[in-house]
Amino acid sequence: MPGERLTVRSPADIGRFPGTAPPTRVELSIHKEEEKKPEEGGCRRWFKKMCQCCFKKQASTSYDVTDKVELVKPPTPAPIPKPEKVTSEKEEMKEMEELKLSVASVNLLSSKTGQNRKEHHTDLFHGEELIIRRGQAFQIEVELNRPFDSNTDKLNIELKTGGLPLVSKGTHVIIPLVDSLEDERWESKIVEKTDNRVKLSINSPASAVVGLYGLSVITCPLKGNNPSTYNSPKHIVMLFNPWCEEDTVFLEDEDERKEYVLNDTGRIYYGTEKQIGARTWNFGQFHEGILEACLFILEKSDMPPSGRGDSVNVVRVVSALINAQDDLGVLVGNWSGDYSDGVSPAAWSTSVEILRKYHSSYGTPVSYGQCWVFSGVTTTVLRCLGIPARSVTNFQSAHDTDVSLTNDVYFDEELEPLDYLNNDSVWNFHVWNDCWMARPDLPPGYGGWQAVDSTPQETSQGTFRCGPASVNAIRSGQVYLKHDTPFVFAEVNSDKIYWQRNLDGTFSQIYSEKKAVGHCISTKAVGSDEREDITHLYKHQEGSEEERIAVETASRHGSKPDVYSTPSAEDVRMEVRMDGEGLRMGADAQLSIVVKNLSSEPRQATLHSQVAVMYYTGVLKGTIKKEQMPVELQPNEEKILEWVLPYQQYQNQLVDQAALMLTLSGRVNETKQVLANQTSFRLRTPDLTITPLGEAVVGKEMAAKITFTNPLPRTLKDVVFRVEGLGLQKGHVVVVGDVGGLATVTLTEHFIPSQPGPKKLVASLDCKQLSQVHGVADIVVIDQ
């Protein structure tokens, strides 16, 4: 029999999307059939009517048909209040995020022609990175998601450098936002607000760490602690600042700053004091890739990033890393004469190729370098980092190997040189660097120019490096002041002491030559290509009381403090003279030996002479010629002895610098006075002649003719030209081949200038038989 039936449709079958649960729809069907009810007795019916408290009306679907039924209209139900709209938690968070300050982008204003680069004197650097100098304000623009409100918002800049940035080490810098900037601290100030954009001026201290920084902008509510961080995809490069008075490298003179920081070409001197040669060198510190290479060198060092704020530390590290002797630095030194697996040191005329090659090979040392190459690269790196620097050449440069602060020459009983003991040497010339800085680590008065040498000669604290040594300390003989002052003092102002072996094997001092080393110390003049003699900065006038006091002061701190005694009288003098510009390659070498008797009595002596081929470092390759010359002098007489070395005797013996060393020694019979002299000289090589052809205009092709004449009566094998001009053309190699004896070769270069202004086209010749052949042409390029 059918009864009540309840049908509920599944939610999965209802709605637009299966599985979604709309309100359940219920269909209710009630089917009733007539039912017979049992009859109640009369008494019960009466009692129910009379006592309604006992028989209350029950709610039921059935009712008594005898009951009076009243139909009462139900009351109108009260309207149900509309529920308030409840915002979801996600919507609230979204709304809060929209109100929260955040950074959309950062503009570092790094254009070469923009305010930052020009004011910081970094607009000459290649590329569009933000390159700034410490101790000086710079600007950036920050694009926000809404306008900045200083009453509710907080904004900070953070800079990080090094692998493990730390606030305590100065490598993690938190820069607060302030109302006004003060010097010598990290601070930022809003200088301009436009809609959602703010322009910040950021100040840095003059002691800030130098290097590559990452930049972040931190924003958060003023009273909140939920910061938002934006990391800039571009980096900032911080350099030393010679324009900032508080920086240790501050250089007051603007012309000197232009020369020693901004000039990308220079002159390096070589040869002997009587035959000073000069070659143009392209430092190229602003060239593409050079800044990256210099920062790579700093990263490669063992110096922690926190040490890069100290100019003394940075210079010392650069001195070590320019040579590859013990730390796989930039250049491999080679004085052997065999450069077949690399480039001859004399062939280089630029630092650019060397540094880019080192960087691109991830730190593989470049072959090969000698002192002028080490110096040229050091000048490039220091100028690039913002440290004023120059290449300096010392002629007759002593190499003291035993810290005696003297240059010792040993003879046997017969006055023959004892080669196995003669470890000290005098280089014809040696090139190192001066860099300019204060020296807060030294007593007052020792700042200014500092000598630094990257050529690996002797170790300093276990590493092949030298300096920085105060030039003022060197001049006054204060060799106990760091770093490596005794070594540099010996190079420029040590006396040459001659020792003779006694029969018992001991040695006695027989002669002291007081003017043997440190002559014509040279550097390029400020604002011109002239040579400037700076000997007076390194030493007092030779023979003056001040100079003698400096020498004796220094010697007391050396390994032979008792070497100086009361000098004996001298009445015979000897010197070597050279006519004109000196000796030419391919011709006989002729010198004059002048001997003078200053006494009123006759004197007799026998001079022993020997000439040897010498590397420019003072290391002898071998003796070419020996002879003895008897000398008889009347009272007050002067004699001139002609000394000749034929071309045939040296033509197959020369090494890199075509240098020779003449050693003279003798004894005056009557007084036992010892005569001693060492003279080095080189055989001059011809220059390359470079003649510009046509007008020099940016974007317009021009040419230059390079001419060379072989000075030797024999063929030069495998001749190569290297040509480069910053702003004119990239460096490249031209293979010439063999050049016959006394023949002339002409090469024409075609190129298109890319930059206006005064430029230099530099060329050098490289071959085994001839070195130090180079030339330069000044070209003024005009803009279209």
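Residues are numbered from 1 along each chain as its sequence is written. In this predicted model, local features need pLDDT of at least 70, side-chain atom pairs count only at pLDDT 80 or more, and totals for chains, interfaces and linings use all residues, while side-chain values use heavy atoms, with hydrogens and water left out.

**Exercise 1. Which strands pair with β32, and over how many bridges?**

Step 1. Two strands pair if DSSP finds at least two bridges between them. Strand β32 covers residues 659–668, and nine of its ten residues are buried.

Step 2. Strand β29 (residues 603–614) runs antiparallel to β32 and is joined to it by ten bridges. Here L607 stands opposite G666 in β32.

Step 3. Strand β33 (residues 674–682) pairs with β32 in the antiparallel sense over nine bridges. The bridge partner of A659 is R682 in β33.

Step 4. β32 and β33 form a hairpin with five residues between them, and K672 in the turn has a positive phi of about 65°.

**Exercise 2. What is the order of the open sheet of three strands, and which strands stand at the edges?**

Step 1. The order is β17-β23-β24, with mixed pairing.

Step 2. β17 (406–411) and β24 (507–513) are the edge strands; each has a single partner strand, so one side of each is left without a neighbour in the sheet.

Step 3. Strand β23 (residues 495–501) pairs with β24 in the antiparallel sense over six bridges, and W499 stands opposite Q509 in β24.

**Exercise 3. Why is the pair of Y260 and W449 edge-to-face?**

Step 1. Rings of Phe, Tyr and Trp (its six-membered ring) pair if their centres lie within 6.5 Å; planes under 30 degrees apart count as stacked, over 60 as edge-to-face and the rest as tilted. The count by this rule is 15 aromatic pairs.

Step 2. The ring centres of Y260 and W449 are 5.1 Å apart and the planes stand at 90°, so the pair is edge-to-face.

Step 3. Y260 belongs to helix α4 (residues 254–262) and W449 to strand β19 (residues 448–453), so the pair ties together parts that are 189 residues apart in sequence. Both Y260 and W449 are buried.

Step 4. Y260 and W449 form one aromatic cluster with W436. R390 lies over the face of W449, at 3.8 Å from the ring centre. A charge sits over a ring if NZ of Lys or CZ of Arg is within 6 Å of the ring centre and within 35 degrees of the ring normal.

Conventions
Buried means under 20% relative accessible area, exposed over 50%, partly exposed in between (1.4 Å probe, protein chains only). Helices (H or I, at least four residues) and strands (E, at least two) are DSSP runs, numbered from the N terminus.
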